[in-house]
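User: I have a structure to go through. Please take my questions one at a time and keep the answers brisk.

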Amino acid sequence: MSLSKDELLDAYRMMKTIREFEERVHVEFAAGEIPGFVHLYAGEEACATGVCVQLSGRDWIASTHRGHGHCIAKGVDVHGMMAELFGRATGLCGGKGGSMHVADLELGMMGANGIVGGGPPLACGAALAEQRAGKGGVAVAFVGDGGSNQGTTFESLNLAKIWNLPAIFVVEDNGYAEATSSKYSIGAESNAERARGFGLPASRIDGHDFFAVYEAAGEAIQRARSGGGPTLLDCQLNRYYGHFEGDAQTYRGNEEVQRLRDSQDCLFRFVQCVTQSGDISRSDLDAIDNEVAELIEDSVAAAKAAPEPDEKELLTDVYVSY
Amino acid sequence: MARKLTFQHAINEALDQEMSRDESIVLLGEDVAGGQGADGEMDAWGGVLGVTKGLYGKHGDRVMDTPISESAFVGAAIGAATSGLRPVVELMFNDFMGVCFDQIFNQAAKFRYMFGGKAETPVVIRTMIGAGFRGAAQHSQSLYSMFTHIPGLKCVVPSNPYDAKGLLIEAIRDNDPVIFFEHKNLYQVEGDVPEEAYTIPFGEAEIVREGEDVTIVTLAEMVHESVKAAEALQKDGIECEIIDLRTTSPLDEDTILESVESTGRVVVVDEANPRCSMATDISALIADKAFASLKAPIKMVTAPHTPVPFNPKLEDLYKPNAGNIAAAVREVAEYQKTWETTTSKS
């Protein structure tokens with residue numbers, strides 16, 4: 001694995017954009033500016049980025065309720081996302097979906113999903129379409145440790161295997177399904193072990209390590225593109241915020257999040273790696289930090305200034321024709 | 001003795017008292033305690049909105065956190081109900097019924113009939129309904145009519161704390177599968193609730209307000225909007241009779257029909273989507289069995305035939321409110337049967 005300087009900088013920009021987006025949404029939600037249920041991806045950036053930087057426009061991803069990071073990593077417009085979270089007419093879904101349903105089908109982003117385990121069957125379908133198109137497209141299903149216990153996930157692993165689908169299942173095991181530990185809820189030793197039981201190649205990865213995710217995802221994507229069938233990646237990582245914004249997280253140990261931020265942070269580890277190797281200078285990163293800060297600031301200002309959807313939009317978009 | 005309790009505390013108390021009374025009752029669902037296997041506190045959540053908080057401390061391992069595996073744990077509750085336990089299973093949002101529909105409508109609902117009356121399935125499935133929480137399309141539906149459609153299921157849709165406690169205890173003691181729909185916007189509503197355990201029979205609607213001009217048939221949160229509408233209409237001399245269904249299966253047909261026979265005018269108010277809904281069901285019942293009493297067409301006030309939108313302004317527009325209800329009642333109250341005078345002249 002060798003990444004060019006530009007590729008490294010792109011990966012950094014992506015991770016940093018996700019982090020700053022989420023940190024800002026945390027603040028805006030607390031200030032009462034964003035309605036509804038919001039689930040933040042902060043802490044997990046290396047996973048979405050390590051996978052999605054290797055996908056092309058014709059590849060697909062199916063996401064989860066914790067979907068902002070997957071969206072940004074798939075190249076979805078940050079302005080459109082922020083406006084969607086604010087429920088504005090300029091949002092990706094015209095303000096009708098919100099945080100849990102951000103989607104951009106044109107970019108192969110099949111939507112965040114309010115139903116745990118809703119994504120894997122959809123990714124199988126996209127993978128089937130790509131298999132029949134025969135142009136090397138693949139589909140990735142991101143699924144949490146909670147979603148990994150759904151029958152839909154097990155059924156999808158089997159279906160992908162028997163049809164040899166170009167599908168990649170990325171389990172993001174952040175330790176908790178809502179307030180329940182994955183150590184309790186997952187009976188097998190790991191999701192990698194489960195997947196091997198279904199006949200899929202699988203590996204367990206440090207999901208805070210961009211380079212580890214990148215390498216494993218690269219192999220899986222290559223396998224899928226070349227007709228080698230599905231793979232499961234079992235990424236161990238952590239979230240910095242609650243299940244949803246407003247979750248007091250009393251189920252977590254004291255100082256657990258601070259300890260993780262201090263010791264495991266994926267951005268910190270990425271920066272340490274690329275600056276120590278001499279590939280990237282601090283000033284390159286500072287320039288990106290400034291661009292990202294400006295982008296997020298602009299997106300929030302634009303979202304706040306944007307109009308609400310027109311009342312007639314309540315009745316539109318139910319069918320293509322009726 | 002009655003004291004003020006919130007809707008959610010009334011539910012918690014019903015569960016607590018019944019679990020103390022009957023060892024065979026177990027409670028299961030996603031984070032009904034919370035914190036299982038983690039380093040922090042147990043009973044960290046007590047359900048996603050804290051409705052079952054504290055029950056783990058009192059009843060220990062009879063309060064069981066589940067993986068996010070709705071087909072498995074709802075199905076397990078149904079299986080356990082056929083074999084000696086009396087499970088109360090929480091399915092968080094009723095939208096998630098989509099994940100485990102088979103276990104509910106092909107399994108639980110059918111056992112008694114298809115096994116020739118030999119099976120009993122005393123399970124209660126508690127689940128949240130309703131828009132108004134900015135939860136968007138997959139967390140805000142009101143799906144009680146889908147379950148009312150299925151023979152073998154009983155459906156309870158309470159509107160206030162007193163009914164919530166009494167109907168939940170009735171549901172737990174009932175030997176059939178019961179779906180207990182809790183409107184999330186009602187959890188903080190307060191009302192008088194007796195301390196002791198009591199039951200409210202299924203299939204008995206409540207007349208929450210008497211009136212001679214127009215009957216409003218409704219349920220759940222819409223009872224409160226209908227009361228607001230009735231108070232406004234009273235100032236204009238229109239007296240509404242409001243019927244709170246309380247259960248949609250069994251349905252108290254007599255109370256509805258008797259009221260319509262007396263007023264001759266009716267508005268059905270249902271937060272759910274309009275097609276194949278409680279609103280259409282009750283309208284059909286009235287048209288079938290009380291047609292001769294009608295002095296005006298039946299009006300339905302419902303959500304439109306759309307999913308629930310995220311944007312708060314659109315969501316507020318989606319939901320019926322006191323204003324829509326009052327407008328419908330006025331229309332019905334002012335309706336004149338012009339054709340009757342025409343035909344009598346000719």
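This is a predicted model: local features need pLDDT of at least 70, side-chain atom pairs count only at pLDDT 80 or more; totals for chains, interfaces and linings use all residues.

User: Which element gives the largest share of the side of chain B that touches chain A?

Analyst: Contact means C-beta atoms, placed from the backbone, within 7 Å. By that rule 38 residues of chain B meet 40 residues of chain A. Two elements of chain B give two or more residues to its side: α3 (70-81) and α11 (312-318). Helices (H or I, at least four residues) and strands (E, at least two) are DSSP runs, numbered from the N terminus. The largest share, 5 residues, comes from α11(B).

User: How many charged residues are on the side of chain B that touches chain A?

Analyst: Ala, Val, Leu, Ile, Met, Phe, Trp, Tyr, Cys and Pro count as nonpolar, Asp, Glu, Lys and Arg as charged, and the others, Gly among them, as polar. That side has 17 nonpolar and 14 polar residues. The charged residues number 7.

User: Where do the buried residues of α4(B) sit around the axis, and what do they pack against?

Analyst: Buried means 20 or more other C-beta atoms within 10 Å, exposed 12 or fewer, partly exposed in between, with C-beta atoms placed from the backbone. In α4 (101-108) of chain B the buried residues are B:Q103, B:I104 and B:A108. They lie on the same side of α4(B), because their arc (directions from the helix axis to the C-beta atoms) is only 100 degrees. They pack against three elements of chain B: α3, α5 (111-114) and β5 (124-129).

User: Which exposed residues are on the face of α4(B) turned away from its buried side?

Analyst: An α-helix has 3.6 residues a turn, so residues three or four places apart point the same way. The face turned away from the buried side of α4(B) carries B:D102 and B:N106.

User: Are α5(A) and α6(A) roughly parallel or roughly antiparallel?

Analyst: Axes are lines fitted to C-alpha atoms, for helices over the stretch in contact, and angles run from 0 to 180 degrees between N-to-C directions. The axes of α5 (119-133) and α6 (151-162) of chain A are 8 Å apart, at an angle of about 20 degrees. Under 35 degrees counts as roughly parallel, over 145 as roughly antiparallel, 65 to 115 as roughly perpendicular and the rest as oblique. So α5(A) and α6(A) are roughly parallel.

User: Which residues of α4(A) touch α12(A)?

Analyst: The axes of α4 (78-85) and α12 (282-305) of chain A come within 8 Å and cross at roughly 45 degrees. That makes α4(A) oblique to α12(A). The α12(A) side gives A:L295, A:S299, A:V300, A:A302 and A:A303. From α4(A) come A:V78, A:H79, A:M82 and A:A83.

User: Is A:K96 buried or exposed?

Analyst: A:K96 lies in the loop between α4 and α5 of chain A. Its contacts beyond four places in sequence include A:E313, A:D317, B:F310 and B:L314. There are 26 other C-beta atoms within 10 Å, so A:K96 is buried.

How values were computed. Residues are numbered from 1 along each chain as its sequence is written. Chains are lettered from A and ligands numbered from 1 in the order in which they are written. Two residues are in contact if their C-beta atoms, placed from the backbone, lie within 7 Å.
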